[in-house]
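Here are some notes for your review. Please read them beside the model.

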Amino acid sequence: MNMETGSVMAPPAPRSLEGMQLPIVMMRDILLKTIFRKNVTLATEIARAICLPVPVTQELIDIARDQRLLEATGTLHANSGGEMGYQLTDAGKARALDALSQSEYYGAMPVPLDVYREQVKRQSIRNIQITRDQLTGAMGHLVLPDNLLGQLGPAVSSGRSILMYGPPGNGKSSISNGIRDALGDKIYVPRAIEYSGQVITVYDPIVHSAAEEQVDDPNSLRRTSGRFDTRYVRCERPTVITGGELSLSMLDLVYNPVARTYQAPLQLKSTGGVFIVDDLGRQAEPPQALVNRWIVPLEESKDILALQSGEKFEVPFDTLVIFSTNFHPNEIFDKAALRRIFFKIKIDGPSQEDFLKIFALVARKKKMPLNEKALVHLLQKRYPEIGNVYANYQPVFLIDQMIAICEFEGIPYQMTPELIDRAWANMFVKDEVIVK
């Protein structure tokens with residue numbers, strides 16, 4: 001982390017083929033497959049397609065030419081800035097097809113796993129220091145007790161695992177998202193990484209929000225490329241959110257037998273960011289089994305993945321894991337598992353005072369006028385029925401119900417004891433004996 005600017009140090013662009021630390025044959029084949037699939041002809045186009053600087057791309061083109069797999073077309077394109085064009089020879093096409101039958105991967109040159117490890121260290125989630133102001137700013141839309149922010153801040157800054165538990169409807173998911181928003185800076189996510197000759201795609205537009213990319217004007221005197229390795233995409237710190245659908249198999253490498261390539265599992269895609277396991281206890285696998293899967297990564301900052309061949313290898317595990325559950329931790333974990341989750345934070349329902357603050361905020365936002373008589377009715381008649389237990393979701397629910405009734409009845413938005421009762425009736429289902 002560059003502490004002066006608070007920005008992450010960018011991965012330096014490779015300066016030579018030797019510095020790439022990838023097998024020459026692999027790089028040459030990716031070059032041929034990319035030219036074949038994308039029909040690019042100029043060195044600058046090819047360089048952009050395989051995400052390498054032009055001089056390094058030219059080295060690769062020259063190797064392919066020496067092997068008679070590429071040839072110069074001998075024509076200078078009018079709009080090419082005097083660049084020579086290249087095309088595959090018959091032998092080059094045959095080699096491209098053969099390489100595609102072994103792996104369909106083409107495009108951005110992968111980053112070797114060992115090189116990627118170094119970038120993970122430069123942009124580690126554990127390098128982040130969150131201030132109270134940053135966290136308050138990110139949680140500004142939530143009404144939270146001060147002591148809760150006091151617990152969350154050190155937990156996030158440590159980059160260690162967090163378990164949030166407490167009754168449903170009190171904003172555990174919203175708090176998780178607020179933590180993500182508080183991180184704020186950008187990191188570099190590889191389009192693909194390489195291990196043992198296998199390509200594993202990492203960048204995923206669904207998980208990673210790319211920052212604006214600068215595309216160079218080839219005729220411009222000032223080139224911006226070379227400032228960082230374009231095999232990476234500059235992104236917001238990633239956030240992966242899973243819920244009841246999470247299974248242990250989703251934490252393994254995904255192999256595509258048709259393309260013969262791998263896709264990174266969820267936790268690898270979330271490297272440098274946040275992995276939120278929402279609704280823990282609702283998955284098909286027991287929570288204990290899911291947490292057991294995380295024990296080594298959480299303690300040793302590394303995960304173990306396996307290729308189709310059965311070969312196992314280590315990848316960095318640099319992720320803030322947030323578990324969120326409506327169950328009490330002692331119901332779903334043994335003591336050993338609980339000990340390994342570093343921070344355990346209870347998210348309770350609001351006090352009456354905070355409930356009223358939330359209610360007033362929601363009413364103002366939704367243009368529902370407050371009515372003292374209706375509020376007194378709600379607090380003195382309705383809430384005693386449920387032991388005066390307040391939840392953060394209830395103001396939104398009750399006000400939305402009243403709005404729906406007003407719109408149906410064709411009357412201006414208003415809050416009355418009668419409308420409160422009609423809204424309340426939809427919030428809870430009474431226990432009844434149904435006679436068949």
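This is a predicted model: local features need pLDDT of at least 70, side-chain atom pairs count only at pLDDT 80 or more; totals for chains, interfaces and linings use all residues.

How do the residues of the lining of the second largest pocket divide into nonpolar, polar and charged?

1. **Pocket lining by class.** The lining of the second largest pocket has nine nonpolar residues, six polar and two charged. In total, 17 residues line this pocket.

2. **Pocket space and centre.** The second largest pocket holds about 480 Å³ of space. Nearest its centre are H141, L142, I358, V362 and V396.

3. **Elements at the pocket.** Two elements, α8 (172-183) and α13 (352-365), each give two or more residues to the lining of the second largest pocket. Helix α13 gives the most, with four residues.

4. **α13 with α14.** Helix α13 also packs on a neighbour: the axes of α13 and α14 come within 13 Å and cross at roughly 145°. The crossing is right-handed. On the α13 side, the contact uses Q352, F355, L356 and F359. These meet L375, L378 and L379 of α14. By class, the α13–α14 contact has six nonpolar residues, one polar and no charged.

5. **α14 with α16.** Helix α14 (residues 372-382) packs against helix α16 (residues 417-427) at an angle of about 45°. Their axes lie 8 Å apart. That angle makes α14 oblique to α16. The crossing of α14 and α16 is right-handed.

6. **Residues between α14 and α16.** From α14 come K373, A374, H377, L378 and R382. From α16 come P417, I420, D421 and W424. The classes here are five nonpolar, one polar and three charged residues. Note L378 of α14: this residue meets α16, and L378 also takes part in the contact with α13.

7. **α1 with α3.** Which way do α1 and α3 run relative to each other, parallel or perpendicular? The axes of helix α1 (residues 24-38) and helix α3 (residues 54-66) cross at roughly 90°, so the two helices are roughly perpendicular. The axes come within 10 Å.

8. **Residues between α1 and α3.** Helix α1 brings I24, M27, R28, L31 and L32 to the contact. Helix α3 brings L60, I61, I63 and A64. By class, the contact of α1 with α3 has eight nonpolar residues, no polar and one charged.

Conventions: Residues are numbered from 1 along each chain as its sequence is written. Side-chain values use heavy atoms; hydrogens and water are left out. Axes are lines fitted to C-alpha atoms, for helices over the stretch in contact, and angles run from 0 to 180 degrees between N-to-C directions. Angles under 35 degrees count as roughly parallel, over 145 as roughly antiparallel, 65 to 115 as roughly perpendicular and the rest as oblique. A crossing is left-handed if the near helix is turned anticlockwise from the far one by less than a right angle, and right-handed if clockwise. Contact means heavy atoms within 4.5 Å. Ala, Val, Leu, Ile, Met, Phe, Trp, Tyr, Cys and Pro count as nonpolar, Asp, Glu, Lys and Arg as charged, and the others, Gly among them, as polar. On a 1 Å grid over the protein atoms alone, a cavity is a set of points where a 1.4 Å probe fits but cannot get out, and a pocket is an open set with protein on both sides within 12 Å along at least five of seven lines; lining residues have an atom within 4 Å of a point. Grid points are joined across faces, edges and corners, and a volume is the space filled by probe spheres set on the points.
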